[in-house]
Amino acid sequence: MTVETAHLLKPAKAIVDSVLAEVELACSRFRPDSEVMQLARTGANNTSISPTLALLIDGALEAARDSDGDVDPLLGGELANLGYDRDFARLPSITAKGVSITQGPLRPILWPLIQLNGTKLTLPAGTALDLGATAKAMAADLAAARVAEELDTAALVSLGGDIATAGNAKEPWQVLVRDTDADPWQQVSLHSGFAMATSSTRKRRWSHRGLAMHHILDPAFGLPAHRVHSSITVAASTCLQANTYTTAGIVRGAKALQWLESMNLPARLVGLDGTVQGTSRWPAPARKPGSVSENG
């Protein structure tokens with residue numbers, strides 16, 4: 001923020017707040033008046049939905065396709081059954097190491113049966129949407145784009161680990177990559193027009209019936225993914241894409257590094273023991289910030 005642009009901070013925040021309010025009203029699982037919760041009660045059979053929810057569902061389906069189903073928008077029922085049925089701040093915390101369960105009976109994969117035609121939606125019977133893996137990232141993309149367009153300025157919007165940029169910044173944005181205060185950190189340059197996301201298995205953890213839970217589920221079982229990484233960070237063209245690959249990487253566990261390398265993505269993976277690995281396009285740690293850009 002420079003002296004020349006300081007006056008834009010207040011209107012920029014107002015734009016971001018407006019986007020977040022629209023997204024929350026469309027898809028929050030913790031507001032009884034949200035569209036997603038209304039659909040959970042009534043189902044959807046060629047049901048009219050708002051353009052905002054239609055856009056968010058379209059993005060969630062894109063993520064499901066791009067991740068071969070590792071990011072599944074129909075995990076709302078499973079998350080509620082695991083105790084994540086209220087705002088995270090109200091969930092019981094893990095008071096001991098606890099025991100995790102990551103496998104069980106295979107669940108049916110039904111997201112390919114979602115039908116979205118404009119603002120008409122049909123969901124498989126008995127399913128519930130959860131757009132948590134994609135909606136926040138899309139909100140960052142939408143907010144950054146609106147700020148840049150309406151205020152004619154370069155913009156960076158960060159929403160709890162989901163970072164989107166828009167406009168033409170004179171210099172690359174400087175981003176500190178670190179999940180928790182105890183984790184190894186790295187400063188990188190993020191070029192304008194690119195995005196970055198981090199998915200974590202250390203945050204959003206809670207206790208349910210004596211078991212340790214985290215919020216990234218393996219769609220094959222509808223249970224928390226086996227913890228191989230404490231966090232994965234990816235840079236991509238949009239925050240939606242970046243978050244898709246970080247979430248899917250957590251689900252893929254030991255196969256994540258090879259998969260992200262095969263996708264030619266800049267990615268940084270932190271193991272549970274703090275060991276850091278990166279794909280070939282992720283900048284090596286150096287005294288000067290590494291650069292994350294289209295050409296790596």
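## The aromatic pair

One aromatic pair is present in the structure. Its partners are Tyr245 and Trp259, whose rings are tilted at 55° between the planes and lie 5.6 Å centre to centre. The pair links distant parts of the chain, with Tyr245 in helix H6 (residues 239–252) and Trp259 in helix H7 (residues 256–262), 14 residues apart. All of this comes from a predicted model.

Are the two partners buried or exposed? Both Tyr245 and Trp259 are buried. Trp259 has a further neighbour to look at: the charged end of Arg252 sits over the Trp259 ring, 4.0 Å from the ring centre.

## The protein as a whole

Stepping back, the protein holds seven helices and 16 strands. It has 296 residues, of which 47% count as buried. Among contacts with a separation of 6 or more, 64% are accounted for by residues 24 or more positions apart.

## Where H1 meets H3

Two packed helices are described by the angle between their axes and the distance between the axes. For helix H1 (residues 9–27) and helix H3 (residues 51–66), the axes come within 9 Å and cross at roughly 80°. H1 is therefore roughly perpendicular to H3, as the range for that label runs from 65 to 115 degrees.

Which residues make the contact? On the H1 side they are Glu22, Val23, Ala26 and Cys27, and on the H3 side Thr52, Leu53 and Leu56. By class, the residues of this contact divide into five nonpolar, one polar and one charged.

## Two residues with positive phi

Most residues other than glycine have a negative phi, and most peptide bonds are trans. Against that background, Asn46 is worth a look, with a positive phi of about 55° although it is not a glycine. Asn46 is placed in the loop between helix H2 (35–42) and strand S1 (47–48). With a relative accessible area of 46%, Asn46 is partly exposed.

Asp68 also has a positive phi, of about 55°, and it is not a glycine. You will find Asp68 in the loop between H3 and helix H4 (76–81). Its relative accessibility is 63%, so Asp68 counts as exposed, the cut-off for that being over 50%.

Is Asp72 buried or exposed? Its relative accessibility is 7%, so Asp72 counts as buried, a label given under 20%.

Leaving aside residues up to four places away in sequence, Asp72 touches Arg107, Ile109, Trp111, Asp130 and Pro219. Asp72 and Leu61 are 11 residues apart in sequence, and their C-alpha atoms are 8.0 Å apart in space.

## The loop between S5 and S6

Gly167 lies in the loop between strand S5 (162–166) and strand S6 (173–177). Gly167 is partly exposed, at a relative accessible area of 31%. Which residues does Gly167 touch, not counting residues up to four places away in sequence? They are Ala148, Thr153, Ala154, Ser192 and Gly193. Thr153 is 14 residues from Gly167 along the chain, and 6.0 Å separates their C-alpha atoms.

Ala169 sits in the loop between S5 and S6 too. It is partly exposed, with a relative accessible area of 23%. Once residues up to four places away in sequence are set aside, Ala169 touches Ala154 and Ser192, and both of these residues are also touched by Gly167. Between the C-alpha atoms of Ala169 and Leu156, 13 residues apart along the chain, the separation is 9.4 Å.

Not counting residues up to four places away in sequence, Lys136 touches Leu159, Gly160 and Asp162.

Notes
Residues numbered from 1 in each chain as written. Predicted model: local features only at pLDDT ≥ 70, side-chain atom pairs only at ≥ 80, totals over all residues. Heavy atoms only, no water. Axes fitted to C-alpha atoms, helices over the stretch in contact; angles between N-to-C directions. Helix = DSSP H or I, 4+ residues; strand = E, 2+ residues; numbered from the N terminus. Parallel < 35°, antiparallel > 145°, perpendicular 65-115°, else oblique. Contact = heavy atoms within 4.5 Å. Nonpolar A, V, L, I, M, F, W, Y, C, P; charged D, E, K, R; others polar. Phe/Tyr/Trp six-rings, centres within 6.5 Å; stacked < 30°, edge-to-face > 60°. Buried < 20%, exposed > 50% of the residue type's maximum accessible area, 1.4 Å probe, protein only. Lys NZ or Arg CZ within 6 Å of the ring centre and 35° of its normal.
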